[in-house]
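Open the model in your viewer and keep a selection tool ready.

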Amino acid sequence: MQAVILAAGEGTRMRPLTYTKPKVMLPVANKPILEHLIIELKKAGIDNLILVVGYRSETIRGYFSDGSRWGVKIKYIEQRRQLGTADALKSATHLINSDFIMLNGDNIVSAEDIAKIASSKRALGVYSVPKPQDFGVVVVEDGKVKRIIEKPSQPPTNTINAGVYKFDTAVLDYLEKTGVSERGEYEVTDTIQLAISDGIVFEAVELNRWIDVGYPWDLLRANEALLKDVKPEIKGEVEDGAVIKGNVFIDEGSVVMSGSYIIGPVVIGRNCRIGPCCFIRPFTSIGDNCHIGAFVEVKNSIVMSNTNLPHLNYVGDSVIGEGCNFGAGTKVANLRLDEREIKVPVKGKIVSTGRKKFGAVVGDGVKTGINVSINVGAMVGNDVFIAPGKVVGGTVEPGTFLR
Amino acid sequence: MCGIVGYVGFRNADEVAISALRRLEYRGYDSWGVAIAKDGEIVVKKNVGAIGDIKDFSLGGGKIGLGHTRWATHGKPSEINAHPHLDCKGRIAVVHNGIISNFRSLRERLENEGHTFRSETDTEVIPHLIESWVERGEDFADAVMKTAEELQGSYAFVAMKADDARLVAVRYKSPLVLGVGDGEFFLASDIPAMLEYTNRVVYLDDGESVIVSKDGYRILKNGVEVEKGIEIVPWSIEDAEKGGYEHFMLKEIHENPRVVEDTLLEYLGEDIEIDSRIFAGISDILFVACGTSFHACLIGKYLIEELAGIPVRVEYASEFNYSNPPLSRTLVVGITQSGETADTLEAMRKAKKLGMRVLAITNVLGSTATRLADHVIYTRAGPEIGVAATKTFIAQLTVLYLIAAKISNLPPKEIEELLNELRSIPQKIRQILDMEDEISSISETFAGYENMMYVGRGIGYPIALEGALKLKEISYIHAEGYPAGELKHGPFALLGEKTPVVACIVRDKTYDSMLGNIKEIKARESPVIAVANEEDDEIEKFVDYTIRVPSTNPILTPLTYSVALQLFAYYVARLRGCEIDKPRNLAKSVTVE
């Protein structure tokens, strides 16, 4: 069966991380979100994939290529302007020749759920959330979709549209008729609504697992969820005197030096130098070619590839991009003194993270001098340089030299 | 100068061709045409005028097609002369940019062989030549290659055949880019044409041909397949659009500060990051350029001679091609925004042939100039759509300042001061842009005149030349730039109340003489606008209007004064209701001599 995966958007709410790569390429548990999805699709027996790409598509094409490494066949569609989900699907219609499923490249769905949806003739994946007003709310009757209401102020149910669809080619006819929605996009939910009003039936399939990431701190939540399933394995080397507790995965070429103390779940990529004498705490993902040096503590964080936290650093509840280097003594604060919820600026608006503990989001290629202090909720753009001893907070635009 | 496009894939080729051609209109817009192949037939539609005027265009689909927007060189703009051109039977269609210099002899031969020509164009020989090779049993692609061998001149052309699923294109001395999509491919003279669909491109080189079908492409050179890398174009579609301004020109004037910043960011770190080997061991510098780039060269001459003491000559590229200049260890610098200006390219080729080291300063990556030159310095201006050069001129100047400072023999401290002031230029240009209303209100007084004179001394003189060029090309007011001291030797006869004068007065050693000239001009009753330093508090006594520009080191005034004069020309032209982005008879990049 074919699957159409929407992966064209930047994910502007994910800035500064998405200045350098599209949202679907952000790593959780050491793999891009999209890779997790592709692995689940393959497990569900779906190996004929159409990726609709756009923003920085070269990163996706470069990583997945023709998909053979994952045992799937990938075809790409370039969507240079992102005009909505229905428009994205329309751009792929010339490659669709049978029933197919459609998914968002920035959600992770399990193989079991995918298989369940795929076995239906026409279906829509639904999921229950506590705060449905930010999503499309689905009204279900006798297991059939009756209506989809986009972001209602007073949601009638807690059931939301998970953005996983099973379509037959008959649905494609309705794409042409789909008009522009209130928020100015061509939306596939409108297409479905048109089909339903013509008497076409969509089954509502309840998903067991649905991981959605909207903001950078959602990556930490997703990372936590995926690390719970990590299978412990040590492919690299662990020196005598290092302590490994819980489920820890250490990939080829990595060395954990004496005196290091790691409490799983933790994943460590290839060719990392860990320690001596560092402390890595649960729910931490460390990418490839990283250096976590002496007297460094990392906790509940994503540290992307080629990044060094070499000496006397603390990083907690944070996302650190690729190719960063923290000077000795650079630390991230992750708790307000008044212990209130941490709020951060996103696209010029203050957004509540819903977390009391949240450190910083640091884009790719950031270099800090010694003893830099990064305050809670700081959003540091890519390729920022920070001079020694600075205290950094709020939003820092990409390419800035803070001195 | 023309724009060509080709498409093969899964979309409707007619729609793609039209949308692509719209983006190439800066290359010419006196007529256009589209052809598609469908059900074994070729369907053609041609029109006189700009594509912008067309609505609901359709040839009924077809998944392979080509298109052309024309700026006449051989044969007047007419439907018959518009491309695509066909062979006798209407089975082969060709669009072409460039000039076939041996077309007369080819046409004569083909006519003797019984071919019937319909147009006056040089292009039409191409489909007939292809036809004759196909009739001799050649495969379509081979027929195109054999045809290219018979052509002389400069060309990029795309050919298609009614019953063939391939496009075949050849490039020789005219630009051609292949756009790589997913199950679809694009050919075009320039990248904006395909940016709507893909940002993955392959730059074709001279002598290369490409055979494209919906399943893939092969690039050949001298019959041998060559592997070429795909490059990612970083421009967004919006980069090539107006971005809220009424005209591209106004948008591009407003991009001046950013352009200076980007260029400085690129080349000015702790040190000036320009390869010093470019200038190693040279005895002198020769600039070759056309139009606005020529004026940039004149300023470059002033800067380099002032700061570095190296002798500099500046030649119009079109004139250099007929001269036999004495050269020694000369660095020849070709400045061309598009990198495709035919005369400048020819001058660079000539310099190469004479064994000179050649540097290209251009705005377009992968353009012909970049491949011709030994060294390239890019101006970081982004695509410029307005035919009148604005931001690219300022970017060229910025590069020239950096070059002059790089090879300067002044004490490091003085250079550092100059560079620091250069860093403050974007802010000063922003202040000028904030004076837009003021400049616009001055322009109201002058929009009604038919003649204007721009004068300056020293570095003010090339500023005057460029100011006059801007005004004449977009407002159609006859404007002349002149060295102020030369007025007495003739042009004085033209002065009077109907001929306003723009005086570019710089606070340097020329100041007092300029003031004297202004008094003389006023005595002939010409209204005078002065472009002056904001600290100049006496100038107002002598002139009718003053455009005050933030003060800088006098040597940097071209960067500020020129922006003020760009705005002045823009507002005059707007009041006169001119087609600012597409002035009559002009094209953005002049790819014919």
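**Chain A at a glance**

Select chain A and colour by secondary structure: there are seven helices and 40 strands. This is a predicted model, so colour by confidence next. Chain A averages a pLDDT of 93, and 100% of its residues score at least 70. Where does confidence in chain A reach its lowest and its highest? The lowest mean, 86, belongs to strand β10 (residues 144-150) of chain A. The highest, 98, belongs to strand β26 (residues 302-303) of chain A.

Now look at packing. Of the 403 residues in chain A, 51% are buried. Among contacts in chain A with a separation of 6 or more, 49% join residues 24 or more positions apart.

**Strand β23 of chain B**

Switch to chain B and select residues 501-504, strand β23. Show the side chains. In a regular strand they alternate between the two faces of the sheet. Val501(B) and Ala503(B) lie on one side of β23(B), with Val502(B) and Cys504(B) on the other. Are these four buried or exposed? All are buried, and both faces of the strand are covered.

**Its partners**

Pick Tyr454(B): its bridge partner in β23(B) is Val502(B).

Centre on Val501(B) to find Val528(B) of β24(B) opposite.

Finally, select helix α16 (residues 511-523) of chain B. Together, β23(B), α16(B) and β24(B) make a right-handed β-α-β unit.

Key
Residues numbered from 1 in each chain as written. Chains lettered and ligands numbered in written order. Predicted model: local features only at pLDDT ≥ 70, side-chain atom pairs only at ≥ 80, totals over all residues. Buried ≥ 20, exposed ≤ 12 C-beta atoms within 10 Å, placed from the backbone. Helix = DSSP H or I, 4+ residues; strand = E, 2+ residues; numbered from the N terminus. Pairing = 2+ DSSP bridges. Right-handed = clockwise from strand over helix to strand, strands pointing away. pLDDT = per-residue confidence, 0-100. Contact = placed C-beta atoms within 7 Å.
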